[in-house]
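Me: I have a model open and want to know what stands behind the words used for it. Please set each value against its cut-off.

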Amino acid sequence: MAFTTTMLSWSTIEYGKRMGPQMKEARSAIRYAADYFLKCATSTPGRLYNPVSDVAAETAAALAATSIVFRKVDPSYSKLLLRTAQKVYQFALQYQGSYSNSLVSAACPFYCSYSGFKDELLWGAAWLFRAANAVYYYKLVKSLGADDQPDIFSWDNKYVGAHVLLSKRALLNGDKNFDQYRQEADNFMCKVFLNSPPSTTQCTQGGLMFKLPESNLQYVTAITFLLTTYSKYMSATKHTFNCGNVFITTNTCRQANILVQLVHELT
């Protein structure tokens with residue numbers, strides 16, 4: 001639920017101007033979830049219902065992203081969300097661990113935290129840095145590193161989502177301190193494109209991206225969002241890169257995205 005809220009918030013942050021009258025509906029859905037998270041985080045001081053690092057850090061990410069959505073339309077609510085996100089993230093840092101380690105029989109195998117909790121810590125810090133623009137979160141982001149190079153993006157593994165989010169500072173702001181995240185985002189895209197040498201992507205017989213057998217469309221949808229958003233960042237600065245001997249441009253990302261969406265609709 002927290003991941004869904006973060007992604008819906010990110011969608012409205014990036015594409016709200018194109019949503020027209022649906023922006024009101026999107027804000028309503030986001031607020032519904034955010035109000036629930038506020039209750040989880042504030043009902044009892046010093047306690048988060050559904051605790052430990054991965055759940056707490058993702059909840060912090062959701063609240064931070066949501067605070068950006070409401071920054072102009074409801075400033076007081078936005079400030080409450082950000083303050084709560086900061087407290088919840090400190091909880092995640094203080095009580096490190098994965099929720100599925102203490103709820104094995106209830107969470108596994110369907111909702112085990114296979115990627116651990118470090119990706120959520122990075123993801124949460126990245127969103128808090130985006131929302132608060134505070135040096136503290138920048139230092140946290142840098143301390144958590146960017147060494148993991150997954151070929152998937154989902155509710156369980158957020159590394160590449162954080163990389164793409166942080167890459168915006170390198171591409172749009174020219175901030176060399178974030179260049180490592182731009183490189184990580186480039187590397188992920190190379191793993192997605194079928195014709196690039198480092199690609200780890202498989203397809204169904206009908207041509208749909210295939211990552212995992214259980215609920216594969218969740219991975220297709222999440223990766224499609226990253227393709228679209230990263231191509232938007234690339235377009236703003238005419239960024240290009242190479243995947244082996246394959247030259248990648250904004251159009252490469254968009255064409256790959258269109259193909260995935262088309263096959264998705266046909267299936």
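Me: Which residues does Ser-167 touch, not counting those up to four places away in sequence?
Reply: In this predicted model, Ser-167 touches Tyr-181, Arg-182, Ala-185, Tyr-230 and Tyr-233. They count as contacts because heavy atoms lie within 4.5 Å. Ser-167 itself lies in helix H9.

Me: Why is Ser-167 called buried?
Reply: Its relative accessible area is 0%. Buried means under 20%, so Ser-167 is buried.

Me: What makes Phe-70 buried, and where does Phe-70 lie?
Reply: Phe-70 has a relative accessible area of 2%, and the limit for buried is under 20%, so the word applies. The residue is placed in the loop between helix H3 (53–69) and helix H4 (75–94). Phe-70 touches Arg-27, Ile-30, Arg-31, Pro-75, Tyr-77, Ser-78 and Leu-81, leaving aside residues up to four places away in sequence. For Arg-31, 39 residues from Phe-70 along the chain, the C-alpha separation is 8.9 Å.

Me: How do you know that the charged end of Arg-31 sits over the ring of Tyr-77?
Reply: The charged end of Arg-31 is 4.1 Å from the centre of that ring. The distance limit is 6 Å, and the charge must also be within 35 degrees of the ring normal.

Me: Why is the pair of Tyr-36 and Phe-37 called edge-to-face?
Reply: A search of the whole structure finds 16 aromatic pairs. In the one formed by Tyr-36 and Phe-37, the centres are 5.7 Å apart and the planes are at 65°. Rings pair if their centres lie within 6.5 Å, and planes over 60 degrees apart count as edge-to-face, so this pair qualifies on both counts.

Me: Are Tyr-36 and Phe-37 buried, exposed or partly exposed?
Reply: Tyr-36 is partly exposed at 38% relative accessible area, because that class lies between the limits of under 20% for buried and over 50% for exposed. Phe-37, at 5%, is buried.

Me: What makes Trp-123 and Phe-153 an edge-to-face pair?
Reply: Their ring centres are 5.9 Å apart, with 65° between the planes. Trp-123 lies in helix H7 (residues 118–132) and Phe-153 in the loop between helix H8 (135–144) and helix H9 (159–173), so the pair ties together parts that are 30 residues apart in sequence. Both residues of this pair are buried. Trp-123 and Phe-153 also belong to a cluster that ring pairs form with Phe-3, Trp-10, Tyr-15, Trp-127 and Phe-225.

Me: How are helix H1 and H7 placed against each other?
Reply: The axes of helix H1 (residues 2–15) and H7 come within 13 Å and cross at roughly 35°. Their crossing is left-handed. From H1, the contact uses Phe-3, Thr-6, Met-7, Trp-10, Ile-13 and Glu-14; from H7, it uses Trp-123, Trp-127 and Arg-130. By class, six of the contact residues are nonpolar, one is polar and two are charged.

Me: Why is Ser-215 called exposed?
Reply: Its relative accessible area is 53%. Exposed means over 50%, so Ser-215 is exposed. Ser-215 is found in the loop between strand E2 (209–210) and helix H11 (216–237). Its phi is near 55°, a positive value in a residue other than glycine.

Me: Where is Asn-133, and what is its phi?
Reply: Asn-133 is in the loop between H7 and H8. Phi is near 50° there, which is positive although the residue is not glycine.

Me: What makes Gln-205 and Asn-245 exposed?
Reply: Gln-205 has a relative accessible area of 89%, and Asn-245 has 70% relative accessibility. The limit is over 50%, so Gln-205 counts as exposed and Asn-245 does too. Gln-205 lies in the loop between strand E1 (202–203) and E2, and Asn-245 in the loop between strand E3 (241–243) and strand E4 (246–248).

How values were computed. Residues are numbered from 1 along each chain as its sequence is written. This is a predicted model: local features need pLDDT of at least 70, side-chain atom pairs count only at pLDDT 80 or more; totals for chains, interfaces and linings use all residues. Side-chain values use heavy atoms; hydrogens and water are left out. Rings of Phe, Tyr and Trp (its six-membered ring) pair if their centres lie within 6.5 Å; planes under 30 degrees apart count as stacked, over 60 as edge-to-face and the rest as tilted. Buried means under 20% relative accessible area, exposed over 50%, partly exposed in between (1.4 Å probe, protein chains only). Helices (H or I, at least four residues) and strands (E, at least two) are DSSP runs, numbered from the N terminus. Axes are lines fitted to C-alpha atoms, for helices over the stretch in contact, and angles run from 0 to 180 degrees between N-to-C directions. A crossing is left-handed if the near helix is turned anticlockwise from the far one by less than a right angle, and right-handed if clockwise. Ala, Val, Leu, Ile, Met, Phe, Trp, Tyr, Cys and Pro count as nonpolar, Asp, Glu, Lys and Arg as charged, and the others, Gly among them, as polar.
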